Amino acid sequence: MLDKGELLANLPRLRGARVLIVGDLVLDHYVIGSVGRISPEAPVPVVHVREERHLLGGAGNVARNVVSLGGQAVVVGVCGDDADGKLMACLLHDSGVAAHTVPDSGRPTIRKTRIVAQNQQVVRVDYERTHELTQETEDRVFEALRAEAPACGVIVVSDYGKGLVTARFMDRLHALLAGLPARPKVYVDPKVRNFDLYKGVDILTPNTKEAAEGAGLAVDDRTSVLRAGARIFRKLGCANLLVTLGAEGMALFESPDSVLHIPTAARKVFDVTGAGDTVIAALALGTAAGLDLAQACAVANVAAGIVVGEVGTAAATLEQVEHNLRAEGAIPIERWFGPGE
């Protein structure tokens, strides 16, 4: 059982803590309306648009969540040299994020357009090119990282598989951090096809599906979660692992054989878009502020429970997290001990 009083007393420490995020910047574009008929041109719904929204996605949404929770966020990423790139820079600025957006004329700014009607997504349209960065563009990314990393205790790698995170990138990142007087911790929100790139990171935050694919095991119950986690530990040599279990909460692996289970804090689920961003943002900010991993996971669990109750990429505030924690009873963290394979 986690001491809720101690956690509430530590929450103010999140204010002002600093997190560096590097990864794929995504512009989330929402076209919201209603459906009243089927098109005569094809068997598809006709959406009557009533509003449009542009929000930060990908690494930008992680940064936005850090700021919403009271922290300071610095984000480093790549945008196209286009109107969407300028809009991305404005959104980051307006969200209070210190941003290094490296322009790349060889690719468009990544945009995901989601058409939503009656609180349901009808279709998604993606604008992107996902080839690896040129040497010149990657060098500019690392110039920004070298400038910012010494002042940050935690670095989040937000990998959406759009070409920024590669074997070369991770090798350069580890080499850069190894040369600093105090090495920042590296937290990764993973992409399954890049799992082998995350060797030696401090924590990985896959969901159940990603953990199953990364481990090469079916994951459908507590025992299989534990086995998958043990295999990922052996495969990557990470210091810790946090598997998000959807309606079942989270499993925090302190080691392959010692696991804490945190039940879900969600009361209703409208949209899981961006929930992984919220989890890693809260986890990184909490530990950057001096909370231990179990406390930071409890904060992340509550924050994720708030955002899945909203449509579209959302961000929880520190005040909302505190309110929900106070409204809950005890925090029933259970210790699991997992078998090896």
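**Salt bridges and burial, explained**

Biologist: The structure holds 17 salt bridges. What should I know about the model before we start?

Modeller: This is a predicted model, where local features need pLDDT of at least 70, side-chain atom pairs count only at pLDDT 80 or more, and totals for chains, interfaces and linings use all residues. Residues are numbered from 1 along each chain as its sequence is written, and side-chain values use heavy atoms, leaving out hydrogens and water.

Biologist: What makes Arg18 and Glu148 a salt bridge?

Modeller: The term asks for a side-chain nitrogen of Lys or Arg within 4 Å of a carboxyl oxygen of Asp or Glu. Here the N to O value is 3.0 Å, so the pair qualifies. Arg18 lies in strand β1 (residues 18-23) and Glu148 in helix α4 (residues 135-148), so the bridge ties together parts 130 residues apart in sequence. Both elements are DSSP runs numbered from the N terminus: helices are H or I with at least four residues, strands E with at least two.

Biologist: Why is Glu148 called buried?

Modeller: Buried means under 20% relative accessible area, exposed over 50%, and partly exposed in between (1.4 Å probe, protein chains only). Glu148 has 14%, so Glu148 counts as buried.

Biologist: And why is Arg18 called partly exposed?

Modeller: Arg18 has 27% relative accessibility, so Arg18 falls in the partly exposed class.

Biologist: How do you know that Arg168 and Glu138 form a salt bridge?

Modeller: Their side chains meet at 3.1 Å, N to O. Arg168 lies in helix α5 (residues 167-178) and Glu138 in helix α4, so this pair links parts 30 residues apart in sequence. Glu138 is buried because its relative accessibility is 1%. Salt bridges with shared partners join Glu138, Asp139, Arg168 and Arg172 into one network.
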